[in-house]
Amino acid sequence: MTELPAALLERFGVSAPEFITETAIARVWRVQRGRGLAALKVWHDPSMVNEAEGVEYLSIRRAQGAVRLFARAEGALLMEWLGGPSLGDLVREGRDGEATALLAGVASRLWSQPTAWPGARVVSAEDWCRALFALEFGPELAETDRAAMERGRALMRRLIDGAGEAIALHGDLHHDNVKDGPRGWTAFDAKGIVGPRAFDLANAFRNPKGAEALIADPARARHLASVFAPVAGISEAEMLGWAAAKVALSIAWRAKGRLEADLELGLLAMMLDLAGA
């Protein structure tokens, strides 16, 4: 069902809805707002699932490279329309180097206001990364994959324990969550967490979708680290470590408590070797 409730259109004072896309957790429409366009996002679950904190994050980052929010209601958000393309589109067009530099610039702008909000979730073994540390392994999981996940878990622990300043982070900063818009390259769909800067860029190493051969290229991972590490204020080796740890965390999230198999286990092994972990 892609019909937008009339009551929601009236509440936000918008018209002419055009269905754009549906994700696992929400649907998005382009709507007319006055003389301009806006995006209306409606979550399947009114709680906004794991993006409720991201809305709080975006609301205080609009001058630092985040999408502008116009209004919100229970389970719905009216925001600035970003006409695209996304940085993911640039990568899929063969412009990965350009997209990498642009993503680093967006991250730097977002981090320029480091203050968090009350009650934000934290990159820690007990909170945001809990799934990785609680993960169990199924009997069919290959021993090499089990060993890689154990290495990833140990690496994440070391990185968290040795992390520097914790600031407000987007939490899901990858190529397809940054689009070109009226104010330049703009981030959206945040999770809103608190942690070290490097964690925000770690997800870029396993993105965007549709560029799997590129993602599996160790030369590309090393190039990303060379661009991202100075922005995050760490060494390239540590940046690669965060990238590897983030792959392990994403695998753990998908496993939902018990890991039997995963398509990114090969990527994890590669990233761990690059990081020397």
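## Cores, ring pairs and strands

Leaving aside neighbours within four places in sequence, Met149 is in contact with Leu132, Leu135, Phe137, Ala248, Ile251, Leu259, Leu265 and Leu268. Met149 is also among the residues with the most contacts inside the largest nonpolar core, which has 87 residues. Please keep in mind that this is a predicted model. The points below start with the cores and then turn to aromatic rings, a helix residue and the strands.

**Nonpolar cores**

- Along with Met149, the residues with the most contacts inside the core of 87 residues are Met156, Phe199, Phe205, Met239 and Met271.
- Helix H10 gives this core its largest share, twelve residues.

**Aromatic pairs**

- Five aromatic pairs are found in the structure, and two of them are described here.
- In the pair of Phe19 and Trp29, the ring centres are 5.7 Å apart and the planes meet at 70°, so the arrangement is edge-to-face; the angle is over the 60 degrees required for that label.
- Phe19 belongs to strand S1 (residues 15–22) and Trp29 to strand S2 (residues 26–33), so this pair ties together parts that are ten residues apart in sequence.
- Phe19 is partly exposed, with a relative accessible area of 31%, whereas Trp29 counts as buried at 3%.
- Trp128 and Trp253 make another edge-to-face pair, with 5.7 Å from centre to centre and 80° between the planes.
- Here the link spans 125 residues in sequence, because Trp128 lies in the loop between strand S6 (121–122) and helix H5 (130–134), while Trp253 lies in helix H10 (residues 236–255).
- Trp128 is buried, with a relative accessible area of 9%, and Trp253 is partly exposed, with 33%.

**Charges over rings**

- Arg33 places its charged end over the ring of Phe70, 3.8 Å from the ring centre.
- Arg157 lies over the face of Phe133, and the distance to the ring centre is 4.6 Å.

- Thr100 is found in helix H4 (residues 96–111).
- With a relative accessible area of 0%, Thr100 is buried.
- Not counting residues up to four places away in sequence, Thr100 touches His223, Leu224, Val227 and Phe228.

**The three-stranded sheet**

- Three strands form an open sheet in the order S6-S11-S8, and their pairing is mixed.
- S6 and strand S8 (167–169) are the edge strands; each has a single partner strand, so one side of each is left without a neighbour in the sheet.
- S8 and strand S11 (residues 193–195) run antiparallel and are joined by three bridges.
- Leu169 has Ile193 in S11 as its bridge partner.

- Strand S9 (residues 178–181) pairs with strand S10 (residues 184–187) in the antiparallel sense, over four bridges.
- The bridge partner of Val178 is Ala187, in S10.

Definitions and conventions
Residues are numbered from 1 along each chain as its sequence is written. This is a predicted model: local features need pLDDT of at least 70, side-chain atom pairs count only at pLDDT 80 or more; totals for chains, interfaces and linings use all residues. Side-chain values use heavy atoms; hydrogens and water are left out. Rings of Phe, Tyr and Trp (its six-membered ring) pair if their centres lie within 6.5 Å; planes under 30 degrees apart count as stacked, over 60 as edge-to-face and the rest as tilted. Helices (H or I, at least four residues) and strands (E, at least two) are DSSP runs, numbered from the N terminus. Buried means under 20% relative accessible area, exposed over 50%, partly exposed in between (1.4 Å probe, protein chains only). A charge sits over a ring if NZ of Lys or CZ of Arg is within 6 Å of the ring centre and within 35 degrees of the ring normal. Two strands pair if DSSP finds at least two bridges between them. A nonpolar core is a set of buried Ala, Val, Leu, Ile, Met, Phe, Trp, Tyr and Cys residues joined through side-chain atoms within 4.5 Å. Contact means heavy atoms within 4.5 Å.
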